[in-house]
Amino acid sequence: MGAARLHVVTTLGTAQTLAWASSYYLPAVLARPMAADVGVAEPTVFAAFSAALVVSALIGPQAGRSIDRWGGRPVLMATSGAFALGLALLALASGPFSLFAAWLVMGVAMGSGLYEAAFAGLVRLYGHEARGAITGITLIAGFASTVGWPLSAALEHAFGWRGACWAWAGLHLMVGLPLNAWVPRAEARPAPPPRAASNASHAAAPVAESPVVPWRSAVLLAWVFAVTLFISTAMAAHLPHLLDAVGSAPGAAIAIGALVGPAQVAGRLLEFGLLRQMHPLISARAAAVMHPLGAGLLAVLGAPVAAVFALLHGAGNGILTITKGTLPLALFGSAGYGQRQGLLMLPARLGQALSPWLFGLLLVRFGAAALWFSVALALSALAALLLIPAPEAPHESPHRHT
């Protein structure tokens, strides 16, 4: 990886760490004091967060379309402002209406400023050679919870939850905005001509149309993304309770849960090294085996294999996070990548919004047996990946990437 590309990866990875830490990982620390001060039940805060995830799903295709046309730099710079605005509105929230309004603004920022947008920006710059850069930013931003949770807790302890939100808003303006502004510019592409335009007008505007995407592969891939994101969100929300249900001691459950983060980074390092030489479809298939294997062992053998489950689930999730960016690129090419990525992730984001609530219900009703639900879902994702044929040669846009 050259020095210029390494600079882009470091810059975007740091900006993504800030974006994830101050949005996706914020409720885990601040939901309780936020609810008590605003005067709502704690589940109401998570309901507002779920509403933000729905908004992020709906805004994703439009954000991707904008990146396809203008590049990642202007869109990501705008999302720094959107994150700052949403966090400021959270800090000012005084009741359920203003709380939900603030989280809806956060949803707009999340839908246009998290991984999918960063991936699309990298593809816009590097085309089919973006795989290493995508892996690089996930390696850096993989520590978002490691940084975000203790920092949010320290800020809340020192300044209260409102002060913590103001601090995160300031960081977006003073750190996130300059970082995103350092991303290289991409040449703006003219909007595609109307379908009714003449052949002459098509010839006069050499715009790369998105390739025709096999609908069957696209549907299968959307299902894979929806299932894997549902599972990863469910585990993130309920892992300590799940480990309690299989008989782990409370202290051990926290320690075992902490293994997931390092396992994710280890999986991403594996993707950056050995698996980088393979087609992303092979990486995805290998990663998709890990959760059902670990969850099946945990359901049958219980607490003695809890650490094995955490390591397998974490490593598989770490690799699958990368393949969400690299697999659509390898299967369908770079032309129209941003909009297509937004559409592929739309059902996944909607499922993610339901995941903590639905898996929580299953855990209350069935206890450790809820693991079999995640096993069945994960195996269906593996089956879908096995049904997707690898292309004989990678697609690529005829345009030169800046």
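Mentor: Welcome! A helix here is a DSSP run of H or I with at least four residues, and helices are numbered from the N terminus. Ser 355 sits in one of them, helix H15, which covers residues 337-366. Keep in mind that this is a predicted model.

Trainee: Thanks! Why does Ser 355 count as buried?

Mentor: Buried means under 20% relative accessible area. Ser 355 has 0% relative accessibility, so Ser 355 counts as buried.

Trainee: Which residues is Ser 355 in contact with, leaving aside its neighbours within four places in sequence?

Mentor: Contact means heavy atoms within 4.5 Å. With those neighbours within four places set aside, Ser 355 is in contact with Phe 230, Thr 233, Ala 234 and Gly 360. As for Ser 22, it lies 333 residues from Ser 355 in sequence, and their C-alpha atoms are 20 Å apart in space.

Trainee: Now Ala 255, please. Why does Ala 255 count as partly exposed?

Mentor: Partly exposed is the range between the two cut-offs, under 20% for buried and over 50% for exposed. Ala 255 has 47% relative accessibility, so Ala 255 counts as partly exposed. Ala 255 belongs to helix H11, residues 250-257.

Trainee: How do you know that the span of helix H5 agrees with its number of residues?

Mentor: The expected span is 1.5 Å times one less than the number of residues. Helix H5, residues 96-113, has 18 residues and should therefore span 26 Å; its end C-alpha atoms are 25 Å apart, which agrees.

Trainee: What do the buried residues of H5 pack against?

Mentor: They pack against helix H1 (3-21), helix H2 (27-38), helix H3 (42-70), helix H4 (72-92) and helix H6 (115-126). Among those buried residues of H5 are Leu 99, Trp 103, Met 106 and Met 110.

Trainee: Let's look at the whole chain. How many helices and strands does it have?

Mentor: The chain has 16 helices and zero strands.

Trainee: And what makes its radius of gyration agree with that of a compact globule?

Mentor: The globule rule is 2.2 Å times the number of residues to the power 0.38. For 402 residues, a compact globule would be near 21 Å; the chain has 21 Å, so the two agree. Of those 402 residues, 54% count as buried.

Trainee: How much of the contact total, at a separation of 6 or more, comes from residues 24 or more positions apart?

Mentor: Residues 24 or more positions apart account for 83% of those contacts in the chain.

Conventions: Residues are numbered from 1 along each chain as its sequence is written. This is a predicted model: local features need pLDDT of at least 70, side-chain atom pairs count only at pLDDT 80 or more; totals for chains, interfaces and linings use all residues. Side-chain values use heavy atoms; hydrogens and water are left out. Helices (H or I, at least four residues) and strands (E, at least two) are DSSP runs, numbered from the N terminus. Buried means under 20% relative accessible area, exposed over 50%, partly exposed in between (1.4 Å probe, protein chains only).
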